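This report goes through a few local features of one protein model. Please look over the sequence and the structure before reading on.

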Amino acid sequence: MARGIEFKTREQMRVMARSGVITSKALAAATAAAVPGATTAQVDAAARAVIEAEGATSNFLGYHGFPAVSCVSVNEEVVHGIPGDRVIQEGDVVSIDCGAIVDGWHSDSAVTVIAGEARGGQDIHLVERTRASLWAGIAALATAQRLDEVSAAIEDVADEAGLFPLLGYVGHGIGTAMHQAPDVMNYRTRGRQPKVKAGMCLAIEPMLVTGTSESDVLADDWTVVSADGSRAAHWEHSIAVHEDGIWVLTAPDGGAAELAAFGVTPVAP
Ligand code: MG
Ligand code: MG
């Protein structure tokens with residue numbers, strides 16, 4: 001089901017890469033602000049300052065009424081946390097999701113960090129293995145015939161780590177809108193996923209939880225929490241697929257450092 005996929009030219013991908021680099025800078029600033037004692041609103045403010053200074057626009061702010069430029073999700077919150085006056089505590093697992101628009105082209109990326117000293121090895125394992133599942137998925141995309149291979153790569157890392165992909169939450173196409181076709185699943189599904197073709201830009205975003213695949217949405221209608229209160233992590237990059245390879249749009253080096261371990265060399269669009 002390749003219907004509705006927006007295929008990009010390499011020139012359009014280059015604009016998306018500019019957008020992606022701004023998102024990566026915003027995330028770096030937000031990460032630096034995610035320290036014990038800071039509020040999640042302060043984390044968001046750090047991201048906002050970068051987006052504004054770079055002359056980009058936020059694609060989160062106002063999205064279905066969302067009130068911030070980032071989602072900040074703490075501990076059992078998996079995704080879509082609303083920045084506010086919650087104070088980050090030592091050892092909190094903090095997921096930050098952010099994006100930007102440049103000349104109409106979107107980027108979307110997320111990281112999870114541990115504020116201050118980790119509470120224990122289990123949290124480090126959660127964050128690191130979720131990150132590893134993202135890069136395994138990106139590496140799979142470089143040679144995949146179909147998106148099923150990306151989903152399988154993510155699920156395999158999660159399985160081996162004893163972590164659970166959150167059910168019902170997926171990655172997506174990205175381009176002139178933040179969320180486009182196709183869905184990019186974080187686990188194997190019945191039926192075949194679309195073929196991987198040059199011109200696709202995709203946001204791959206594994207959301208892994210320590211204790212369950214099930215989730216609930218809080219009364220704010222945004223925040224997604226694990227159903228059993230166990231901790232979660234979320235990593236995301238936006239990636240371009242073109243005739244000569246892939247390029248991670250939201251990594252300043254296109255993903256070169258991380259993909260080397262997989263024998264994949266990213267190629268700029
Ligand atoms: Mg995102
Ligand atoms: Mg996304």
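## The metal site

Along the chain, the donors of the magnesium ion (ligand 2) have the spacing D-x63-H-x32-E-x30-E. These protein donors are Asp108 (OD), His172 (NE2), Glu205 (OE) and Glu236 (OE), at 2.1 to 2.2 Å from the ion. Donors are N, O and S atoms within 2.8 Å of the metal (3.2 Å for Na, K and Ca), and sites may look incomplete because water is not among the atoms. Aspartate 108 coordinates both the magnesium ion (ligand 2) and the magnesium ion (ligand 1), which are 3.1 Å apart.

Distant parts of the chain are linked here: aspartate 108 lies in strand S4, and glutamate 236 lies in the loop between strand S12 (232-234) and strand S13 (237-242), 128 residues apart. Helices (H or I, at least four residues) and strands (E, at least two) are DSSP runs, numbered from the N terminus. Aspartate 108 is buried, at 2% relative accessibility, and glutamate 236 is buried as well, at 0%. Buried means under 20% relative accessible area, exposed means over 50%, and partly exposed is in between (1.4 Å probe, protein chains only).

## Basis of the model

The model is predicted: local features need pLDDT of at least 70 and side-chain atom pairs count only at pLDDT 80 or more, while totals for chains, interfaces and linings use all residues. Residues are numbered from 1 along each chain as its sequence is written, chains are lettered from A and ligands numbered from 1 in the order in which they are written, and side-chain values use heavy atoms, with hydrogens and water left out.

## Pockets

The largest pocket holds about 340 Å³ of space. A pocket is found on a 1 Å grid over the protein atoms alone, as an open set of points where a 1.4 Å probe fits, with protein on both sides within 12 Å along at least five of seven lines; lining residues have an atom within 4 Å of a point. Grid points are joined across faces, edges and corners, and the volume is the space filled by probe spheres set on the points. Of the 19 lining residues, Tyr63, His80, Asp97, His179 and Glu205 lie nearest the centre of the largest pocket. The lining has 10 nonpolar, 6 polar and 3 charged residues. Here Ala, Val, Leu, Ile, Met, Phe, Trp, Tyr, Cys and Pro count as nonpolar, Asp, Glu, Lys and Arg as charged, and the others, Gly among them, as polar.

The second largest pocket has a volume of about 270 Å³. It is lined by 19 residues, and those closest to its centre are Val111, Trp235, His237, Thr250 and Pro252.

## Backbone exceptions

Most residues other than glycine have a negative phi, and most peptide bonds are trans. Histidine 64 has a positive phi, near 50 degrees, and lies in the loop between helix H2 (40-53) and strand S1 (70-74). Histidine 64 is exposed, at 67% relative accessibility. Histidine 80 also has a positive phi, of about 70 degrees, and is partly exposed at 27%.

The peptide bond from alanine 181 to proline 182 is cis, with omega near -5 degrees. Proline 182 is in strand S7 (residues 180-184).
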